[in-house]
Structure formats: structure tokens, C-alpha cells
Amino acid sequence: MDEWFKAHYAWGDILNAMNDEEAATLARAIFRYARTGVMPDVTGPVQYALVAITGVINSESKKRSAYIEKQRANANARW
């Protein structure tokens, strides 16, 4: 997975709608997934939110990788 990921303000709205235990579990799960690419074993509302958030993380990671490859090809073409 990537070294970093972009968090969206809407994710804060999701965290605010949860109780403290669920929000902490979700936050830890997001970071764990972003670092390892392995879906943490969570249930209930945390699982539903995590599925949506990991979809965004994956989509943005693919876009970033494609951009990097394009920039690499452009640089190689110049030299």
C-alpha cells in the first residue's frame, strides 16, 4: 500500500455519528487497512463504514499510481 492516504472531511462526519468506542475502532481500522491493505475484522456499523472508506482509499491509490507511472514515463522520454 501507499505510504500515505488522504482523509476526507466526510469521514469525520461518520466518526462523529458513532459512539466513542466505534469511532476509535473505525479510526484504527482505517489506518491498519491503509498501511497493510488487509481488511480488519470488524462488525456492525464500523464494518459498513470501513467498506465505503476502503473503496475510496483503493480508488485514490490507483489514481496516484497511474499518475506516478505517467510522470515516470514522461521523465524517461525526455532523457
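A crossing of two helices is left-handed if the near helix is turned anticlockwise from the far one by less than a right angle, and right-handed if clockwise. Helices here are DSSP runs (H or I, at least four residues), numbered from the N terminus. With that settled, on to the pair in question.

This is a predicted model, where local features need pLDDT of at least 70, side-chain atom pairs count only at pLDDT 80 or more, and totals for chains, interfaces and linings use all residues. Residues are numbered from 1 along each chain as its sequence is written, and side-chain values use heavy atoms, with hydrogens and water left out.

**The helix pair**

Two packed helices are described by the angle between their axes and the distance between the axes. Helix α2 covers residues 20-36 and helix α3 covers residues 44-78; their axes come within 10 Å and cross at roughly 30°. The axes are lines fitted to C-alpha atoms, for helices over the stretch in contact, with angles running from 0 to 180 degrees between N-to-C directions. Angles under 35 degrees count as roughly parallel (over 145 is roughly antiparallel, 65 to 115 roughly perpendicular, and the rest oblique), and α2 and α3 are therefore roughly parallel to each other. As for the hand, the crossing of α2 and α3 is right-handed.

So who touches whom? On the α2 side the contact residues are E22, T25, L26, A29, I30, Y33 and A34, and they meet P45, V46, A49, L50, I53, T54, I57 and N58 in α3. Contact here means heavy atoms within 4.5 Å. By type, the residues of this contact divide into eleven nonpolar, three polar and one charged. In that count Ala, Val, Leu, Ile, Met, Phe, Trp, Tyr, Cys and Pro are nonpolar, Asp, Glu, Lys and Arg are charged, and the others, Gly among them, are polar.

**The core**

In soluble globular proteins, nonpolar side chains tend to be buried together. The largest nonpolar core in this model has 14 residues, and M18, L26, I30, L50, I53 and I57 have the most contacts inside it. Such a core is a set of buried Ala, Val, Leu, Ile, Met, Phe, Trp, Tyr and Cys residues joined through side-chain atoms within 4.5 Å. Helices α2 and α3 each supply at least two residues of this core, and the largest share, six residues, comes from α2. Take L50: leaving out residues up to four places away in sequence, L50 touches L26, A29, I30, M39, P40 and V42.

**Residue by residue**

How exposed are some individual residues? Buried means under 20% relative accessible area, exposed over 50%, and partly exposed in between (1.4 Å probe, protein chains only).

| Residue | Relative accessible area | Class |
|---|---|---|
| T54 | 5% | buried |
| A34 | 8% | buried |
| R64 | 18% | buried |
| A75 | 26% | partly exposed |
| Y48 | 61% | exposed |

A34 sits in α2, and its C-alpha atom is 7.7 Å from that of W4, 30 residues apart along the chain. W4 turns up again with R64 of α3: not counting residues up to four places away in sequence, R64 touches D2, W4 and F5. T54, also found in α3, is in contact with Y33 and M39 once its neighbours within four places are left aside.

A75, in α3, is 30 residues from P45 in sequence and 45 Å from P45 in space, C-alpha to C-alpha.
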